[in-house]
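Visitor: I would like to learn how to read a model like this one. Please take me through it feature by feature.

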Amino acid sequence: MAVWTKPDQAAPDLTVVPRFTRAGMVDVPRDRLPANPMLPQTAYQVVLDEVMLDGNARFNLATFVTTWMDDEADRLYAATVDKNMVDKDEYPQTAEIESRCVRMLADLWHAPDAAVSVGTSTTGSSEGCMLAGMALKRRWQQARRAAGASTDRPNIVMGGNVQVVWEKFANYWEVEPRYVPLEGDVLHLTEEHLLDYVDENTIGVVAVLGSTMDGSYEPVEAICRVLDEHEAATGVAVPVHVDAASGGFIAPFVQPDLVWDFQLPRVVSIQSSGHKFGLVYPGVGWVLWRDTEHLPEDLVFHVNYLGGDMPTFALNFSRPGAQVVLQYYQFLRLGFEGYREVQQACQDVARHLGDALRRMPEYEVITDGSELPVVTFRVADHVTLFDVFDMSRKLRERGWLVPAYTMPPNREDLAVLRLVVRNGFSHDMAELFLRDLATATEWMDDLSAPMPSEEQPSGFHH
Ligand SMILES: *Cc1c(COP(=O)(O)O)cnc(C)c1O
């Protein structure tokens with residue numbers, strides 16, 4: 001609650017009051033709408049000062065999400081923040097730009113016919129996953145009903161390492177989640193035990209291109225192969241959705257020979273986060289289906305109250321259009337070669353970090369940035385004085401935000417630190433980080449050094 005002191009005083013002249021005096025206000029409103037307005041300059045300062053405590057996004061090595069864009073992008077953002085993506089009839093050019101982005105991604109991900117591909121922008125990968133999952137469920141229901149079979153018990157199969165969005169999908173849309181557990185050093189879904197979890201009630205398999213846990217790629221091609229064999233043997237066709245939240249904007253540029261996308265006929269849909277390695281500020285994502293057949297028409301709503309006939313397949317109605325404009329800006333600004341250079345630079349920095357960590361005896365590298373530009377490492381067994389959680393806290397003193405966490409079930413014994421290298425995390429910053437990590441490690445080691453008195457041979461004192 002705002003506390004106003006000196007209520008009996010004459011109201012100050014707000015046009016001349018120095019900003020930080022806040023005209024007698026000692027506490028900002030926190031629980032109830034303030035009764036009166038304040039100067040915009042004052043409100044601006046109050047809010048800006050408060051969010052300063054969040055720390056610097058550029059030192060945030062925890063997030064996959066974009067924290068830096070060109071000045072021109074910032075200006076374009078400011079010029080388009082008022083666009084509502086749903087007003088397609090009112091803002092036809094923004095709608096057209098969205099379609100162009102979908103076609104460019106369909107081409108990048110090798111859709112059989114990019115000109116008639118179907119897809120949409122979303123608020124992020126999570127919404128894309130929900131839409132793709134709903135399409136899988138609806139197609140499975142339609143096929144089951146057509147065959148006179150029960151639709152009571154749908155399930156979805158995925159690795160124990162999936163991002164939380166897939167747990168949400170299963171929960172919200174009442175689909176049984178079947179997690180294939182991690183095994184040994186393999187920290188993601190593989191083709192190996194997959195078929196033990198698949199049956200005629202499986203609406204689809206989720207393959208992750210770029211595991212959130214360690215940045216590793218799941219073998220999409222091998223996963224599709226065993227499902228091809230399964231279909232040949234049993235007649236049960238199980239489709240694959242690729243969760244390429246991060247990898248959708250890395251693999252085409254950095255691992256162009258990797259086969260993971262619509263080149264595989266079993267891959268029916270792909271989603272990716274424009275606001276991760278798509279290099280746009282939060283929140284934009286993309287979801288595409290290989291063709292109209294895989295997006296059931298009865299999920300698409302047609303509304304006319306904004307004028308025209310507008311098909312929508314989305315969870316939200318209104319949402320920001322500026323991020324879609326920014327995605328198109330990045331496509332024009334960078335082109336294929338520019339994206340390749342940016343992502344390759346991220347990978348070079350990640351691999352450099354991985355190499356440097358290998359030379360530090362306190363750490364063991366789990367993933368070294370050769371798939372996603374993500375490095376995960378653990379504290380070596382012989383180190384007993386600190387763990388990854390201590391190091392994560394220690395690094396915060398210098399402003400670095402590096403998350404520490406344990407792996408999913410079956411490998412909960414493994415606790416790691418994770419570094420995500422994004423556009424804007426330069427070689428220079430990596431050097432600064434490594435220097436701070438070395439200093440912090442030394443400090444942790446020293447904490448346990450024996451106290452001077454204990455170092456003396458016994459009997460020396462007194
Ligand atoms: C980040 C991520 C998501 C969720 O994406 P948002 O864009 O943050 O909604 C889903 N899957 C994977 C693999 C991710 O890395």
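Guide: Start with contacts. A polar contact is a pair of N or O atoms within 3.5 Å; within protein, one must be able to donate a hydrogen and the other to accept it, and residues adjacent in sequence count only if both atoms are side-chain atoms. In the ligand site, a nitrogen atom of the ligand is 2.7 Å from an N or O atom in the side chain of D243. This is a predicted model, where local features need pLDDT of at least 70, side-chain atom pairs count only at pLDDT 80 or more, and totals for chains, interfaces and linings use all residues. Residues are numbered from 1 along each chain as its sequence is written, and side-chain values use heavy atoms, with hydrogens and water left out.

Visitor: Which side chains lie 2.8 Å from an oxygen atom of the ligand?

Guide: S273 places a polar side-chain atom 2.8 Å from a ligand oxygen. K276 has a side-chain N or O atom 2.8 Å from an oxygen atom of the ligand.

Visitor: How much of the ligand does the protein bury?

Guide: Accessible areas come from the Shrake-Rupley method with a 1.4 Å probe; for residues, only the protein chains shown count as cover. Taken alone, the ligand exposes 380 Å², and the protein buries 89% of that.

Visitor: How many residues surround the ligand?

Guide: A residue is near a molecule or strand if one of its heavy atoms lies within 4 Å of it. Here 13 residues surround the ligand, and the closest are S126, D243, S273, H275 and K276. The shell divides into 3 nonpolar, 8 polar and 2 charged residues.

Visitor: Over which ring does the charged end of K276 sit?

Guide: A charge sits over a ring if NZ of Lys or CZ of Arg is within 6 Å of the ring centre and within 35 degrees of the ring normal. The charged end of K276 sits over the ring of F64, 5.2 Å from its centre. K394 lies over the face of W443, 3.5 Å from the ring centre.

Visitor: Now ring against ring. How many aromatic pairs are there?

Guide: A pair of aromatic rings is described by the distance of the centres and the angle of the planes. Rings of Phe, Tyr and Trp (its six-membered ring) pair if their centres lie within 6.5 Å; planes under 30 degrees apart count as stacked, over 60 as edge-to-face and the rest as tilted. By this rule the count is 18 aromatic pairs. Take F249 and Y339: their centres are 6.2 Å apart and their planes at 25°, so the pair is stacked.

Visitor: Why does the pair of F249 and Y339 tie together parts that are 90 residues apart in sequence?

Guide: Helices (H or I, at least four residues) and strands (E, at least two) are DSSP runs, numbered from the N terminus. F249 lies in the loop between β7 (240-243) and α7 (251-254), and Y339 in helix α8 (residues 322-358), so their pair ties together parts 90 residues apart in sequence.

Visitor: Are F249 and Y339 buried or exposed?

Guide: Buried means under 20% relative accessible area, exposed over 50%, partly exposed in between (1.4 Å probe, protein chains only). F249 is buried at 1%, and Y339 is buried at 2%. Y339 also forms a stacked pair with F253, 5.2 Å centre to centre with 15° between the planes. F253 lies in helix α7 and Y339 in helix α8, so this pair ties together parts 86 residues apart in sequence. F253 is buried too, at 6% relative accessibility. Ring pairs link W109, F249, F253, W260, F331, F336 and Y339 into a cluster.

Visitor: With what does the side chain of R319 make a polar contact?

Guide: Its partner is the side chain of S121, at 3.0 Å. R319 is found in the loop between β11 (310-312) and α8. R319 is buried, with a relative accessible area of 8%.

Visitor: And the backbone?

Guide: Most residues other than glycine have a negative phi, and most peptide bonds are trans. A cis peptide bond joins P282 and G283, with omega about 5°. E174 is not a glycine, yet has a positive phi of about 55°. E174 lies in the loop between α5 (164-172) and β5 (176-180), and is exposed at 65% relative accessibility. N410, also not a glycine, has a positive phi of about 85°.

Note on methods. Nonpolar A, V, L, I, M, F, W, Y, C, P; charged D, E, K, R; others polar.
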